Amino acid sequence: MQKANAPKEFNLREICTTFVCLPRVLRLIWDASPSLVMGMAFIMLLQGVTPLATVIIARLLIDGALQGIMYGTIQPIVLPVILQLVVNLINRFCMRLHATLQILLNHRLSDHMTLLILRKASTLDLTFFENAEFYDRLTRARQEVINKPLLLIVQLFSLGSSLVTTIVMLGLLFQLSWWLALVALVVPIPSFLADSRYGLRNYWRALWQSPRKRQQLYIVDLLTTDTYNKEIKQFNLTHFFTERYHVLSDQMYQEDKQLQAKHICISLLWSLLPMLASAGLYFYVAFQAIQRRISLGALTQYTIAINEVSRNCQGMLDSLSEIYEYHLFINTLFDFLAYEPQIVAPAHPAHLEIPVGTEGLDIEFHNVSFTYPGKSEPVLKNISFTLHAGESVALVGQNGVGKTTLVKLLTRLYNPDEGEILIGGCNIKEYDPHELREQIGVIFQDYVKYHMTAGENIGIGRVTEIENHTLVDSAARKSGADRIIARLDKGYDAMLGRRFEQGVDLSGGEWQKLALARAFMRDTPILILDEPTSALDAQAEYDIFQSFRHLTAGRTVIFVSHRFSTVRLADRIFVIERGHIIESGSHQELLDLRGKYTELFNLQAEAYR
């Protein structure tokens with residue numbers, strides 16, 4: 001977000017717009033817990049009425065005391081004292097219950113909003129997660145907005161309570177003079193307008209600071225995650241990153257301080273107006289008592305009523321200002337939830353089912369081109385080939401030529417810019433993406449190290465069978481992960497990674513075997529292995545590929561590798577360069593061709609001589 005996007009000036013129309021949009025915010029809060037919202041609403045009404053009872057009781061008490069002095073009895077003050085005790089008990093009960101309900105609603109609402117964000121994020125295409133503006137909005141939704149709906153509903157209930165109190169107090173003041181009520185009602189408005197203006201500036205400041213806050217979160221992740229810790233220590237980077245964090249923090253602090261300093265000066269200046277007005281109204285009411293036009297009890301009643309009207313009007317306008325500011329932030333959440341994926345299931349998807357062990361279906365690429373968002377140069381250009389059912393194909397080429405991109409297109413993590421991809425003669429866009437991915441087992445080169453139990457690390461490859469220990473064990477044996485798990489004290493129940501209690505860390509090669517087991521866990525007819533043995537030692541790689549034919553029997557296999565000991569096992573090999581397939585054939589055919597493949601093979605072979 002650039003500062004060029006200057007904030008609009010605040011005006012009353014903005015407040016009206018806020019209230020027009022409030023129903024969707026209220027629906028968000030209501031969905032979190034209807035019963036808690038209703039409980040807080042009931043308390044709001046009760047707290048709005050009790051000040052009226054307090055004012056009336058004060059009048060009864062003072063007038064009763066005067067009667068008691070006149071007649072020498074305490075009877076006139078007994079009832080007011082009892083009533084005040086009851087009101088105090090009700091007030092105390094409401095305060096405690098309100099605090100409890102607010103804590104519970106905060107818990108429910110936080111969970112509800114987090115799940116909304118997680119579910120929405122899970123539906124979005126991979127391209128969203130490669131966009132800085134999207135990450136800014138996601139960060140604001142997670143960090144800035146997560147508590148704003150609760151604060152908004154608290155302010156809304158406070159507004160309602162103050163409104164009820166103001167209405168009943170204005171009714172009392174009208175008994176004395178209509179203009180008293182009008183003055184008490186109008187004088188807080190300038191202060192409200194000033195606060196609202198700064199609420200808008202607070203929102204835009206948060207937007208401008210969002211990229212820097214995301215940088216801070218990244219630095220925190222670097223310095224507190226085991227993945228990066230050893231390199232941070234080795235290169236003595238702690239001071240470098242902590243200093244960068246401090247610079248970012250100080251920049252934002254100075255901006256906050258400057259804005260808040262201006263805000264408090266303007267707010268204090270405008271708050272003098274209602275103070276002076278209240279002093280004048282007190283004088284007028286006291287003068288009426290001196291002139292014997294009202295009793296001392298009435299003096300107390302009207303004095304308290306003036307104070308309550310002024311205080312609650314100011315409270316209502318403060319609540320309006322807060323609601324306006326919180327709603328600006330909550331709009332960020334709705335903006336995030338408004339994102340819609342481009343890769344979705346068609347209205348009437350074709351059915352895709354390829355039983356393992358059968359002939360399966362052919363995979364075809366027809367003139368497929370793809371350019372990453374924000375890039376001008378295509379990474380794939382007019383790629384065409386047919387992969388027959390049960391065939392294995394290896395993709396070879398230097399880094400960045402599009403090997404992994406081709407895999408991501410087949411799994412519909414992206415859509416091609418041009419051309420089409422077919423499975424069984426049907427464009428993969430005609431299939432439900434979820435159903436398509438259910439038929440493809442993948443291990444990516446940047447596989448995830450899940451800080452979960454060993455069994456769960458494998459079982460999530462086919463989450464519906466995560467409790468099927470026989471299937472989990474079978475997948476572990478296929479990848480060689482079973483021997484790793486056998487050495488763990490708790491076996492498949494051992495916690496992996498260092499983030500949680502009793503976690504055990506593994507070597508890179510051991511983690512890769514678990515990731516490979518996840519791919520086998522799916523037991524799918526299409527298997528994609530992207531650098532499946534890059535972290536394995538020579539013996540482990542040899543063991544896996546000794547049984548390669550057995551493991552991939554009945555499956556269509558695509559694997560990406562820089563190791564020619566792996567590549568030569570494929571039925572066919574595609575050599576990719578500058579977005580094109582420049583050579584195709586078996587290992588021996590490509591060696592006989594004496595082209596790019598032969599050059600790459602000889603370069604690697606030379607390193608082992």
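Helices here are DSSP runs of H or I with at least four residues, strands are runs of E with at least two, and both are numbered from the N terminus. Gly 509 counts as buried because its relative accessibility is 13%, where buried means under 20% relative accessible area, exposed over 50% and partly exposed in between (1.4 Å probe, protein chains only). I then took the C-alpha separation from Gly 509 to Ala 481, which is 9.9 Å across 28 residues of chain.

A note on the source: this is a predicted model, local features need pLDDT of at least 70, side-chain atom pairs count only at pLDDT 80 or more, and totals for chains, interfaces and linings use all residues. Residues are numbered from 1 along each chain as its sequence is written, and side-chain values use heavy atoms, with hydrogens and water left out.

Next, the whole protein. I read off 21 helices and ten strands. Of the 609 residues, 44% are buried. Contact means heavy atoms within 4.5 Å. Among contacts between residues at least 6 apart in sequence, 75% join residues at least 24 apart.

Then helix α2, residues 34-71. Its 38 residues reach 55 Å from first C-alpha to last, close to the expected 56 Å; the expected span is 1.5 Å times one less than the number of residues. Just after α2, Gly 72 has a positive phi of about 65°.

Which residues have the most contacts inside the largest nonpolar core? I got Val 25, Ile 29, Leu 105, Phe 134, Leu 152, Ile 153 and Phe 336, in a core of 46 residues. Such a core is a set of buried Ala, Val, Leu, Ile, Met, Phe, Trp, Tyr and Cys residues joined through side-chain atoms within 4.5 Å. Two or more residues come from each of α1, α2, α3, α4, α5 and α10. Helix α10 gives the most, twelve. I checked Ile 153: beyond its neighbours within four places in sequence, it contacts Leu 26, Ile 29 and Leu 105. A second, separate core has 38 residues, including Ile 485 and Met 521.

Last, the second largest pocket. Its lining has 14 residues, and among those nearest the centre are Tyr 135 and Arg 142. Helices α3, α4 and α7 each give two or more residues to this lining. The largest share, five residues, is from α4.

How values were computed: On a 1 Å grid over the protein atoms alone, a cavity is a set of points where a 1.4 Å probe fits but cannot get out, and a pocket is an open set with protein on both sides within 12 Å along at least five of seven lines; lining residues have an atom within 4 Å of a point.
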